[in-house]
Structures are given as structure tokens and as C-alpha cells.
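Please look through the model below before reading on. The paragraphs after it go through its parts one at a time.

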Amino acid sequence: METRLPRLLALLLMLSLLLSLAATAADPDSYEIPNDWSHDAFVFAVENDILRGDHHMRLNPQKNITRAEMAAVLVRLIGATQQGNLSAFSDVDPNAWYYPELSAAYAAGIFGGVTATQMMPNAFITREQAFVALCRAFGIVSANRTAYTAFTDGNKTSAYARDSLSAMKELGLLRGYGDGSVRPLAYITRAEIAQLLYNLFDCIADAPDELPASGTVLYRGTQKLPDMLTLDGTLIITQAAPAVFTPVSWQITGSLILRTGKNTNANLSAVSAKQLVCAPLSGSVSGKASEVCLWGASSSFTGNAGRLIVCGGSHSFTGASNAINVRAGTLTHNGNTGDVTLDGSTTLVLNGNAGNITANGDNTALTVNGRVASITLNGGLSTVNGTGSAGTITICKEQCTVTLKCDKLNDLLYQAEHDAALQTVRTMRIPCTVKRATAIYKNRDFTGYIRSLPAGTIVYNQYHPDNNTLYVSLGDGTWGWVPRWDCYIPDDAVTTDGKLDYSKATKEGFVDLCNYNSKTDYLIWVSRYTQKVMVFQGKQGAWKLIRTFPCSTGSNDTPTPQGIFEIFSRTQRWNFSYYYVNNVSIFNGGHAFHTILLDYGGGVYDGRVGIPLSHGCIRMLPEDCKYIYNLPMNTRVVVY
């Protein structure tokens, strides 16, 4: 007791100072209610047990609210008790006063981490974070996703918070400051939280007989709701209410928002509402509405929706809809629908037919087990598969994988990169400085004089066949031979580190546009710039990339000659003084594909690839080189 009592007293003092809910309704006259714009909001908050002051009965309206305090307010309002696992967040203390509320907020999907490992419970919450938490807690969603731009600084809002800010603006819950700003990244005060809740709720009912005839009503009671209900407004049912219910006749002019708990089973077929927002912890809901929103962790909805919106979680929908918008999360749709829009890294399994599907985010996963009119992939790294089919599939970004059958495939990015390949592809150029005045000749024996080269001229080493000559190119396109010892060849002019590579479209575009042919069904391109060996299969003008290997071409002093060759000879092994190489495929004089340098003792003498360092041959890793060795004789080899 000697060690635990001070800790208990400290916790009690902290709780008395922090934001909390009273056990019973408090008398506003007991508090120092501000006599300003927040007066009515604080009266409402105190009367409905939302906010409580410190031990001096002060409400501290200008004090900023922390993330943990915000979580405590919201989970108590919706009656959330289901605990989540916060072990991933290193800054959350399991013994802290806030832990039960923060854990419940996490389980209910109200709060997430600031990062994958940081929850920052004691940090002041920003205004945009508070807007997101409010919308998640009470199922606030709007079809208008751009209303945030009405504020003068709306574009400063983080991408994840724009939907929430738009919904609150669209529904008249957020007015902003007098200068037209909303200050999304600023901290939010207790007074501002009180005002937002005052704007949101017309009534907080703790029993069925407290339900009014109109307004936005939060029902946080534990008793069963009446079978017959008429409400000119919106009804929010919290986790405190029974999770199993079947109304006989509910007439609601606005939205019915289910913020119920686990194992929800709600038959809403006798409910008339403009919008249904289903955000239970888990369970099933049936009904119909012109707009159905699926939120929360996991739910199953059966019925019909004019428009279906998914805002997070993993859900199934069985029925018909006119349109679908998956903003976040995963949806399995069993039925037919009209047009579909997928945003962000979302997943859709469509077991039915649809109109036009547009995927706007990266990492979209789409499975179609029916027939759709068209699919447009505006994001990269997306996948499209399934047992169904599509009319037209259009790919606009890179690294998309499409295995779904379609009548027509438009790979716009592929085509653009394919057609621009000749402007994209580069070759290794080794700039050498002419040390003293010399000349360039047409022939290797220094005959066929072309012109003089003054000292300081830059030439590019293309081939070094012996100690006396260099085959070079000039910046104006001239090619010819110069005396080796009249030029300085740098040691550090490596033009690539092996990490560079071209896209599949660029690789295929280069060999197609260059109109390369081959006597076999295979073509090999060695890129000196990217230090890659690429193998194609097909025919002239229609080559398909099948393999890409790292390699090492010639060093600055002895570069691999550029040109068009073919494999004309093979030998299993070449032996040298200190090392040997295997799987030798010769394509130009003594230039060949072969393995990295191997030690006679059974190890590796030099295993480097990805940088120019050979004497002109193409060094490759043993298994990669074996693949080249097994290609047909007379296969075309392009070195560029």
C-alpha cells in the first residue's frame, strides 16, 4: 500500500483535472459558464454529461484538448466498451488513465495511429484530426467531397481529412472563422469541441421516451427502441443500445446511422430513411435507401441502394445498386450495379455485372466474376483478375497486372513508353580528352584521313582492340580511329551502377522501333548504359521481353563494342592464369557472354556485376549465363 497509494492519488488528481464525463447530469449553474459565443454550447455539454470541469468547477474553455481526452469524450458518447489491441503503439501506457477509452476508440475505428508505432495520446489534437474523429464516431458522410475548398485555407487540409471536412461543411456543422479560414492544422480547444457537438446534436437521449419528433438525435440509452418511430431528422444509434432489433415502422426523413456493437443484427426493411450509415463493430444489416454507407470494422448488408459508399473496413453487399464508390477498405458485392469508382488502395470483388469501373488510386485490387462495360486504371501497381470479362480495359499508369479477359486492352502508358523508346534509351559514353594534336582516320591502320583533332577535343571511346588504337565517336556523329596514346581515358567515368533499368514497354519499343531481326525466335539486347542483358522472344517488329539479367560489360579502357552480332560459337570453359569462366557464348571475335570470374579452388575470383569492368566480354551470374548458353545458335545480339 505504501507504493500504490501515491499512484492512486495521482491518478485521481489527474482524472479530476482532465476532460471527462460525469456519472450523472450536472447543473450548469455549478460551473463558470463562459459568457461568449460558447455559452450555449457549454450549457448543452454540461447538461448532457459531455464535459466536466476541474476540481475548481472551471471548464477551461481555451485549453487545448489532447488526443486521449478526445477519445474519451467520443467513446463515452457512443457507449463503446469493446477493447482494441494497442500493443503496436510504443507510446501508449497500458496503466494510463486513458487506456480503456483510447483502446475502445481504436477498436471502434474512431482513432488510428499517427504513425504505425505512435499514437501520441498526450499530444494536442489538431482540428483536422478532431473532424475525422467526429465523422468516424457519428457516421458523418457526404457525397460532396470537395466542400473543403470553400474555406480560404481548405487546401492545407491533409488528404486523409478532406472527406471529413467536406462532410461537416456540407451538413452545416462547421462554419470556420470570420476570415473564411478553417485552420486544419491548428489545435482545437475545449470550447470549440463543445461548439461542434452542440452544432451536431439537437438531442442526446438516454431513454426511448426522450426521443423528440425532430432534429439530429443521438440515442445512447440501453433500452430497446420503439417499434414505431417518426423523426423529422437524423437518428444515431450507439453501441449502448441493443444490437439486435427489427423496427415495425420507422419514418426518418434524414439519416439512420448505426454505430452499434458486435454481432449487430438489424432488419431495417420497414425503415424509410434517405440515408443508411452502417458502422457496427460487426454483424449484418438489411434494408434499402437512396444512399447506403458502409463503415466500421466489418458488416454484411443485404438490400438495395441507389448509391453505395464504402468508407473503410471490410464489408459485403448483397443486392442491387445504381452506383458504387469505394473510398477506403474492402467490398465484396454480390449483385449487379451501375458505375463504380475506386479510390485509394481499395479492394473490390464483384460477383455480378457492372457498368464502367474507374480505379483512381495506386494498389487497387479488382476481381470481376461477371461482365463489366469498361475498366480504367488511373493508378499504378493495380491488379485486375477474375473469372468474368470486360469490354475495354485501359491502363494509364505503370506496373499494373491485368489477367481478366477483355475485348480490347488499351495500355496507354505502355504505348507511350514504347513509342518514345528511341528518345529514352541511352548508351554508355566514355569521354576521353585528346592530350595533344592528332587526327582521326577511317581505317584502323590510320589510313583514310578524316580531319585533325586539336588538343582538348573530347572523343568517346567505343572500342579498344589493341594497345595502339581506339575506335571513337565525336559529338557531331563522326566515327573513326585515333592513336591510343594521344588520348586520356579516365578511370572513374562509370556511367551506371547497375541500379538503372528501363520499363518493359521501353525495352520492347527499342528493339521493335530499331527493326531488329533474328534468325531464331530469340533476340538479345545488351545495354551498356544500364548494365543489363535482355532476352526477347517473337519476331521482327513484335518482340516480347521474357528475361532481364544484370551483367558487367567492358571497362572504360576496354569497352564492349557497339553493334549488331549473333552467337556463332560456344565452348564450355575458358581458362586464364588466375581464374576461369564457364558457359562461353561467342558473338563477336573474342567477345562473348560468360560467367563471372571463378577461382580454380572452387570459389569466386571476382563476382561483381552491374558495373563496367570486363575486357570487353559480357560477364553474368552463373545461372543467368547458363540461360544464354542454352539459347539457339545464330540468335541475334544487339550491343548498345
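**A walk through the predicted model**

Leaving out residues up to four places away in sequence, Ile110 touches Leu74, Val75, Ile78, Ala105, Ala133, Arg136, Ala137 and Arg259. Contact here means heavy atoms within 4.5 Å. This is a predicted model, in which local features need pLDDT of at least 70 and side-chain atom pairs count only at pLDDT 80 or more, while totals for chains, interfaces and linings use all residues. Residues are numbered from 1 along each chain as its sequence is written, and side-chain values use heavy atoms, with hydrogens and water left out.

Ile110 also belongs to the largest nonpolar core, which has 70 residues; Ile110, Phe111, Phe138 and Phe201 have the most contacts inside this core. A nonpolar core is a set of buried Ala, Val, Leu, Ile, Met, Phe, Trp, Tyr and Cys residues joined through side-chain atoms within 4.5 Å. Buried means under 20% relative accessible area, exposed means over 50%, and partly exposed lies in between (1.4 Å probe, protein chains only). At least two residues of this core come from each of helix H2 (39-47), H3, H4, H5, helix H6 (162-170), H7 and strand E11 (298-334). Helices (H or I, at least four residues) and strands (E, at least two) are DSSP runs, numbered from the N terminus. H3 gives the most to this core, with eight residues. Another core, of 52 residues, lies apart from it; Ala205, Leu377, Ile393 and Ile395 are among its members.

How many residues of helix H3 are buried? In helix H3 (residues 67-77), 10 of the 11 residues are buried, so the helix is largely enclosed by the rest of the structure. Among these buried residues are Met70, Val73, Leu74 and Leu77, and also the charged-side-chain positions Arg67 and Glu69. The buried residues of H3 pack against helix H4 (99-107), H5, helix H7 (190-200), strand E1 (203-205) and strand E2 (214-219). After H3 comes Gly79, with a positive phi near 65°.

Ala137 is part of helix H5 (residues 127-138). Its relative accessible area is 0%, so Ala137 is buried. Beyond its neighbours within four places in sequence, Ala137 is in contact with Leu74, Ile78, Ile110 and Arg259. Ala137 and Ala105 are 32 residues apart in sequence, and their C-alpha atoms are 8.5 Å apart in space.

H5 also meets H7: the axes of the two helices come within 12 Å and cross at roughly 35°. Axes are lines fitted to C-alpha atoms, for helices over the stretch in contact, and angles run from 0 to 180 degrees between N-to-C directions. The contact is made by Arg127, Ala130, Phe131, Leu134 and Phe138 of H5 and by Glu192, Ile193, Leu196, Leu197 and Leu200 of H7.

Gln239 sits in the loop between strand E3 (228-237) and strand E4 (244-245). With residues up to four places away in sequence left out, Gln239 touches a list of residues including Ile78, Gly79, Arg259 and Leu281.

Two strands pair if DSSP finds at least two bridges between them. E28 and strand E38 (residues 636-639) run parallel and are joined by four bridges. In this pair, Ile524 stands opposite Val637.

Eight of the 10 residues of helix H10 (residues 504-513) are buried, including Phe510 and Val511. H10 is followed by Asn515, whose phi is positive, near 60°.

Strand E32 (residues 569-575) and strand E33 (residues 580-588) run antiparallel and are joined by six bridges. Arg573 stands opposite Asn582 in E33.
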